[in-house]
Amino acid sequence: MNAQVLITSLKAQEVNLDLLIEALEEQKYAILRNDFIALEEAIINEQKILKNISREETSILRFIKDIGQQLSLDLKVYSINNLILYGRSYFGKELYELEKVRASVRAKVSKTANINIQLKDVIDFSRNLMKETMMIIAGQNKHALVNRRV
């Protein structure tokens, strides 16, 4: 097992994260456009992508463990950070590429988290808008009906 296999797997994870970011953006815009069909399709697509991310994550951890054992590294936690920290001297020219891909994956994970926050805000806004609309239609005396979770 060599670092190139791990780098290839990380690059595949990068592609998965790009697809996830795209799916989350589609969900956000579907909600804003009030397009229920597009929202359902984006959610189904997101679920498929999340399964691929999970599978790839399992592979990455297995590769880290195998490389750590092959190099006799004392990895208490199987992570890319620990592999780079303890195995820095073993990787040679692959170290730069490994660090570059790790930084890219980190940036995409961070972007995914930010989009999730935006998506939560959009959903909360949509719920409040529906609640206010229902209050206008039902009248002020129907708070018990309207205050149920939308």
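How many helices and strands does the secondary structure of the protein come to? The count is five helices and zero strands, with helices (H or I, at least four residues) and strands (E, at least two) taken as DSSP runs and numbered from the N terminus. Read from the N terminus, the order is simply α-α-α-α-α.

A quick word on what you're looking at. This is a predicted model, where local features need pLDDT of at least 70 and side-chain atom pairs count only at pLDDT 80 or more, while totals for chains, interfaces and linings use all residues. Residues are numbered from 1 along each chain as its sequence is written, and side-chain values use heavy atoms, with hydrogens and water left out.

## Overall shape and surface

The C-alpha atoms fill a box of roughly 70 × 25 × 20 Å along the principal axes. The radius of gyration is 22 Å, whereas a compact globule of 150 residues would come in near 15 Å. That radius is taken over C-alpha atoms, and the globule rule is 2.2 Å times the number of residues to the power 0.38.

About 9900 Å² of the protein is accessible surface, and carbon and sulfur atoms hold 56% of that. These areas come from the Shrake-Rupley method with a 1.4 Å probe; for residues, only the protein chains shown count as cover. Of the 150 residues, 34% count as buried. Here buried means under 20% relative accessible area, exposed means over 50%, and partly exposed is in between (1.4 Å probe, protein chains only).

As for charge, there are 22 positive and 19 negative ones, and their mean positions are 4 Å apart. Lys and Arg count as positive and Asp and Glu as negative, with His and the chain ends not counted; each charge is placed at NZ of Lys, CZ of Arg, CG of Asp or CD of Glu.

Now for contacts, meaning heavy atoms within 4.5 Å. Among those between residues at least 6 apart in sequence, 59% join residues at least 24 apart.

## The nonpolar core

In soluble globular proteins, nonpolar side chains tend to be buried together. Which residues touch the most other members of the largest nonpolar core? Leu6, Leu10, Ile64, Leu83, Phe91 and Leu98 do, in a core of 32 residues. Helices α1 (3-33), α2 (36-70), α3 (80-91) and α4 each supply at least two residues of this core, and the largest share, eleven residues, comes from α1. A nonpolar core is a set of buried Ala, Val, Leu, Ile, Met, Phe, Trp, Tyr and Cys residues joined through side-chain atoms within 4.5 Å.

Leucine 10 is one of the residues named above. Skip its neighbours within four places in sequence, and leucine 10 is in contact with Ile60, Ile80, Leu98, Val101 and Val105.

Helix α4 spans residues 94-138 and holds threonine 112. Threonine 112 is buried, because its relative accessible area is 10%. Beyond its neighbours within four places in sequence, threonine 112 contacts Leu17, Leu20, Ile21 and Leu24.

Glutamate 97 also lies in α4, but is partly exposed at 24% relative accessible area. Not counting residues up to four places away in sequence, glutamate 97 touches Gln4, Ile7 and Lys11.

Alanine 30 sits in α1 and counts as buried, because its relative accessibility is 1%. With residues up to four places away in sequence set aside, alanine 30 touches Asp35, Ala38 and Leu39.

| Pair | Separation along the chain | C-alpha separation |
|---|---|---|
| Glutamate 97 and alanine 3 | 94 residues | 9.6 Å |
| Alanine 30 and valine 122 | 92 residues | 11 Å |
| Alanine 107 and isoleucine 44 | 63 residues | 24 Å |

## Two loop residues with positive phi

Where does asparagine 34 sit? Asparagine 34 is in the loop between α1 and α2. Its phi is near 60 degrees, a positive value in a residue other than glycine. Asparagine 34 counts as exposed, because its relative accessibility is 70%.

Serine 72 belongs to the loop between α2 and α3. Its phi is positive too, at about 55 degrees, although serine 72 is not a glycine. With a relative accessible area of 66%, serine 72 is exposed.
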